[in-house]
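Please keep the sequence and the structure in view while reading.

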Amino acid sequence: MTNQNAGIIGMGHAYPEGILTNADLEKIVETSDEWITTRTGIKQRRKARADEYTSQFGSLAAKQAVERAGIDVTDIELVVCATTTPDQIMPSTGALIQAQIGAVNAAGMDVFAACSGFLYGLTMVESMIRTGQIKYALVIGAEVLTKYVDYTDRGTCVIFGDGAGAAVLGPVAEGKGILATKIRSDGRYAEQLYSPGGGTKLGTTHKTIDNGDHFFKMKGNELFKIAVRSMADISAEMVVKAGYTVDDIDMVVPHQANQRITDAVASRLGVPEEKVYSNIAQMGNTSSASIPIALDECIQSGKIKEGSLVLLTAFGGGVTWGGTVIRF
Ligand code: ACO
């Protein structure tokens with residue numbers, strides 16, 4: 001069996017032009033800029049128009065990632081789209097993106113792991129490259145969450161935003177790329193963050209629509225505690241598995257769920273603030289897209305460069321969580 005290291009060789013991201021500020025939300029629901037800023041760190045989020053949808057942003061991000069990777073799109077053998085907000089139930093958004101970008105030699109598929117989806121995709125693809133099954137793959141996190149948000153529910157509508165990020169994974173030299181990665185879930189907490197309508201359990205009926213069963217429901221406060229513990233524990237475990245200590249990490253790029261969650265995870269891990277990336281003030285929580293968008297911003301701004309040791313960690317509905325250590 002081959003043992004080929006797999007790493008990120010190109011990234012891209014995209015988001016809608018539309019911006020929804022805290023001041024805009026103050027006009028829609030009983031909230032305030034002060035409450036949202038203090039409790040979440042969010043000042044604005046991106047919001048798709050009614051005629052914009054998930055695969056469009058995923059494709060834009062994917063095309064940029066392929067271009068930066070310097071490969072031909074026809075070299076891509078797998079397109080994994082992590083999303084909680086697919087264009088439609090069938091076919092997969094991965095297949096739709098595959099067609100939109102012209103990845104004619106690839107298989108397309110979706111991963112449903114809410115905010116942890118990008119790390120789920122990375123983990124799967126890493127093992128396929130390592131064992132020599134494939135050479136190049138795209139892992140995309142793409143969401144239009146604002147279409148699943150109930151703008152009468154102030155506990156959820158202030159958090160979520162739209163966007164997409166994409167990474168091309170391919171073979172890299174020994175000692176580089178994904179050094180340790182792990183994904184977890186605990187379905188006993190499924191109803192802490194879920195969208196009950198539209199599936200085979202409740203279906204889509206006038207009643208489910210009237211009840212708003214198609215919207216996200218979240219017990220934010222309970223999730224908060226599990227999120228902090230899960231991300232800190234799996235991060236510490238992956239750093240050790242990669243053969244390093246937390247002090248060796250150059251940059252932590254966590255899922256942008258809530259600034260207070262990020263701060264609490266960093267403090268539990270003992271990582272100083274300047275090594276923890278945050279764009280939540282501008283982007284809000286974009287679920288599976290948040291890590292690849294943030295990671296690409298770090299690469300473009302030079303915060304992450306050749307040789308950087310980076311820790312990624314995520315937590316989301318399911319509940320799901322994960323941790324990944326990468327040497328760039
Ligand atoms: N504006 C003003 N007041 C509000 C708002 C709002 N937007 N939302 C809630 N409140 C009120 C509540 O009604 C409550 O009032 P009460 O004390 O009179 O009952 C009070 O503020 C406190 O509510 P909490 O829910 O306890 O507030 P909390 O500090 O926990 O913040 C939040 C809520 C922002 C949702 C936070 O819990 C959070 O971010 N949780 C984690 C979310 C998360 O990580 N989700 C998983 C990843 S996302 C994914 O997988 C797609």
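A polar contact is here a pair of N or O atoms within 3.5 Å. With that cut-off in mind, an oxygen atom of the ligand lies 2.7 Å from an N or O atom in the side chain of Arg39. The model is predicted, and the points below are grouped by topic.

**Polar contacts and burial of the ligand**

- The side chain of Asn258 also takes part, with one of its N or O atoms 2.6 Å from an oxygen atom of the ligand.
- The backbone contributes through Gly220, a polar backbone atom of which is 3.0 Å from a nitrogen atom of the ligand.
- Taken alone the ligand exposes 1000 Å², and the protein buries 76% of that area.

**The pocket and the shell around the ligand**

- The ligand sits in the second largest pocket, and the elements that each give two or more residues to the shell around the ligand are helix H2 (33–40), helix H6 (154–157), helix H8 (220–241), helix H9 (259–269) and strand S12 (309–316).
- The largest share of this shell comes from H8, which supplies four residues.
- In total, 28 residues surround the ligand, and the closest are Thr31, Arg39, Cys115, Asn221 and Asn258.
- By residue class, the shell divides into 13 nonpolar, 11 polar and four charged residues.
- Both domain 1 (6–174) and domain 2 (179–327) take part in the shell, each giving at least three residues.

**Backbone geometry in the loops**

- Most residues other than glycine have a negative phi, and most peptide bonds are trans.
- The peptide bond from Met90 to Pro91 is cis, with omega near -5°, and Pro91 lies in the loop between strand S4 (76–82) and helix H4 (93–101).
- Gly318 and Val319 are likewise joined by a cis peptide bond, with omega about -10°, and Val319 belongs to the loop between S12 and strand S13 (320–327).
- Ala114, a residue other than glycine, has a positive phi near 50°, and Ala114 is found in the loop that runs between strand S5 (107–111) and helix H5 (117–130).

Key: Residues numbered from 1 in each chain as written. Predicted model: local features only at pLDDT ≥ 70, side-chain atom pairs only at ≥ 80, totals over all residues. Heavy atoms only, no water. Near = heavy atom within 4 Å. Polar contact = N/O pair within 3.5 Å; in protein donor to acceptor, adjacent residues only side chain to side chain. Areas by Shrake-Rupley, 256 points an atom, 1.4 Å probe, with all protein chains shown as cover. 1 Å grid on protein atoms, 1.4 Å probe; cavity = no way out; pocket = protein on both sides within 12 Å on 5 of 7 lines; lining within 4 Å. Sits in = over half its atoms within 2 Å of the grid points. Nonpolar A, V, L, I, M, F, W, Y, C, P; charged D, E, K, R; others polar. Domains from an automatic or database assignment.
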